[in-house]
Amino acid sequence: MAFSAGSLVTVRGREWVVLPDSQDEFLIVRPLGGTDAEVTGIDTALETVKEAQFALPDPGRLGDF
């Protein structure tokens, strides 16, 4: 599966943002909420990369803001 720049993916138990220099077989990613110092490469032949999925907000769990 090909992921375009800006896609959110899940790999290594964490969510990542796919960066522009990525290719189909080698993704350059930054952790969601991470810094540029945490940019890494993921070989898609060696690791399972999936599209990130997030649960919908629960109106029963309102914050105090």
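1. Strands here are DSSP runs of E of at least two residues, numbered from the N terminus. The model is predicted. On that basis, β5 covers 50-51, and F54 lies in the segment after it.

2. Along the principal axes, the C-alpha atoms fill a box of roughly 40 × 25 × 20 Å.

3. Buried residues make up 23% of the 65 in the protein. For contacts between residues at least 6 apart in sequence, 32% join residues at least 24 apart.

4. In soluble globular proteins, nonpolar side chains tend to be buried together. In this model the largest nonpolar core consists of 9 residues: F3, V9, V11, W16, V18, L27, V29, I42 and V49. At least two residues of this core come from each of β1 (8-11), β2 (14-18) and β3 (26-31).

5. V18 is one of the core residues. Beyond its neighbours within four places in sequence, V18 is in contact with F3, S4, A5, G6, S7, V9, L27, I28 and V29.

6. Which residues form a nonpolar patch on the surface? They are L8, L32 and F54, and together they have about 270 Å² of accessible area. F54 is the residue placed in point 1, in the segment after β5.

Technical notes: Residues are numbered from 1 along each chain as its sequence is written. This is a predicted model: local features need pLDDT of at least 70, side-chain atom pairs count only at pLDDT 80 or more; totals for chains, interfaces and linings use all residues. Side-chain values use heavy atoms; hydrogens and water are left out. Patches are made of residues with over 30% relative accessible area and no salt bridge: like charges are joined within 9 Å, nonpolar side chains (Val, Leu, Ile, Met, Phe, Trp, Tyr) within 5 Å. Accessible areas come from the Shrake-Rupley method with a 1.4 Å probe; for residues, only the protein chains shown count as cover. A salt bridge is a side-chain nitrogen of Lys or Arg within 4 Å of a carboxyl oxygen of Asp or Glu. Helices (H or I, at least four residues) and strands (E, at least two) are DSSP runs, numbered from the N terminus. Buried means under 20% relative accessible area, exposed over 50%, partly exposed in between (1.4 Å probe, protein chains only). Contact means heavy atoms within 4.5 Å. A nonpolar core is a set of buried Ala, Val, Leu, Ile, Met, Phe, Trp, Tyr and Cys residues joined through side-chain atoms within 4.5 Å.
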